[in-house]
Amino acid sequence: MQVTKDEENSLSGLAYLDDLHVGQHFTSAMHALDERQITAFAREFDPQPFHLDREAAKQSVFHGLVASGWHVAAITMRLQVTSGLPIAGGLVGLGGELAWPNATRPGDVLHVESEILEIVPSRSGKDRGVVMVRSETRNQRGDVVQGTTVKLLVPRRVSSSLRAPGDSR
């Protein structure tokens, strides 16, 4: 996990709702994307010519081979899970928005920058809350190739005040 400088008192291990604050930033590791990865993903999941064939892609709106947006989304998820957002219990999505403002091409090196926008403790389930996160997947030039704003279900730390009567955990 990479955390910005202003997070010097950063998280150790996984973060619970109580560990997060609005404005907190996270930066993932990097992923280098090559033509083989792009075409392999496209063959299986998004078999369009501009993802599969360099020559056909030249005739497309992209004027060259590009990664599927769904491939970029999968890479983003991997980066978030392995190095970007250290959320306890995993990244459990409750919905959101997704955009691909720029194409991702062979040779791009991607990373994800995320910011906590909102934290809402649950009124009905005292053991969790909802966190709104904006993430931008950027290439090596800093271009945003994917933007997301999502709501995540995040657990709270179990404390004696949150346990049910008679629960001795």
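**Salt bridges, pair by pair**

Tutor: Arg 54 has a relative accessible area of 49%, so this residue is partly exposed. The model is a predicted one. The partner of Arg 54 is Glu 35: the two form a salt bridge in which the closest N and O atoms are 3.2 Å apart. Glu 35 sits in helix H1 (residues 35–45) and Arg 54 in helix H3 (residues 54–58), so the pair links distant parts of the chain, 19 residues apart. Glu 35 is also partly exposed, because its relative accessibility is 28%, and the range for that label runs between 20% and 50%.

In general, side chains of opposite charge can pair when their charged atoms come close. The whole structure holds 10 salt bridges by this search.

Two further pairs involve strands. Glu 113 forms a salt bridge with Arg 138, with 3.4 Å between the closest N and O atoms. Because Glu 113 belongs to strand S5 and Arg 138 to strand S6 (residues 128–138), this pair ties together parts 25 residues apart in sequence. The two residues carry separate labels: Glu 113, with a relative accessible area of 31%, is partly exposed, whereas Arg 138, with 19%, is buried. The cut-off matters for Arg 138, since buried means under 20%.

Glu 115 forms a salt bridge with Arg 134, and here the closest N and O atoms are 3.0 Å apart. Glu 115 lies in strand S5 and Arg 134 in strand S6, so this pair ties together parts that are 19 residues apart in sequence. Arg 134 counts as partly exposed, because its relative accessibility is 36%.

Salt bridges can also join into a network, as they do for Asp 108, Arg 141 and Asp 143.

Now the setting of these pairs. The protein chain has four helices and seven strands. Along the sequence they follow the pattern β-β-β-α-α-α-α-β-β-β-β. Of the 169 residues of the chain, 36% count as buried. Among contacts between residues at least 6 apart in sequence, 67% join residues at least 24 apart.

The accessible surface of the chain is about 9,600 Å², and carbon and sulfur atoms account for 52% of that. Trp 70, Leu 98 and Trp 100 make a nonpolar surface patch of about 320 Å². Trp 100 is placed in the loop between strand S4 (92–99) and strand S5 (109–121), and counts as partly exposed because its relative accessibility is 35%.

Notes. Residues numbered from 1 in each chain as written. Predicted model: local features only at pLDDT ≥ 70, side-chain atom pairs only at ≥ 80, totals over all residues. Heavy atoms only, no water. Helix = DSSP H or I, 4+ residues; strand = E, 2+ residues; numbered from the N terminus. Buried < 20%, exposed > 50% of the residue type's maximum accessible area, 1.4 Å probe, protein only. Contact = heavy atoms within 4.5 Å. Areas by Shrake-Rupley, 256 points an atom, 1.4 Å probe, with all protein chains shown as cover. Patch = residues over 30% accessible without salt bridge, like charges linked within 9 Å, V, L, I, M, F, W, Y side chains within 5 Å. Salt bridge = Lys/Arg side-chain N within 4 Å of Asp/Glu carboxyl O.
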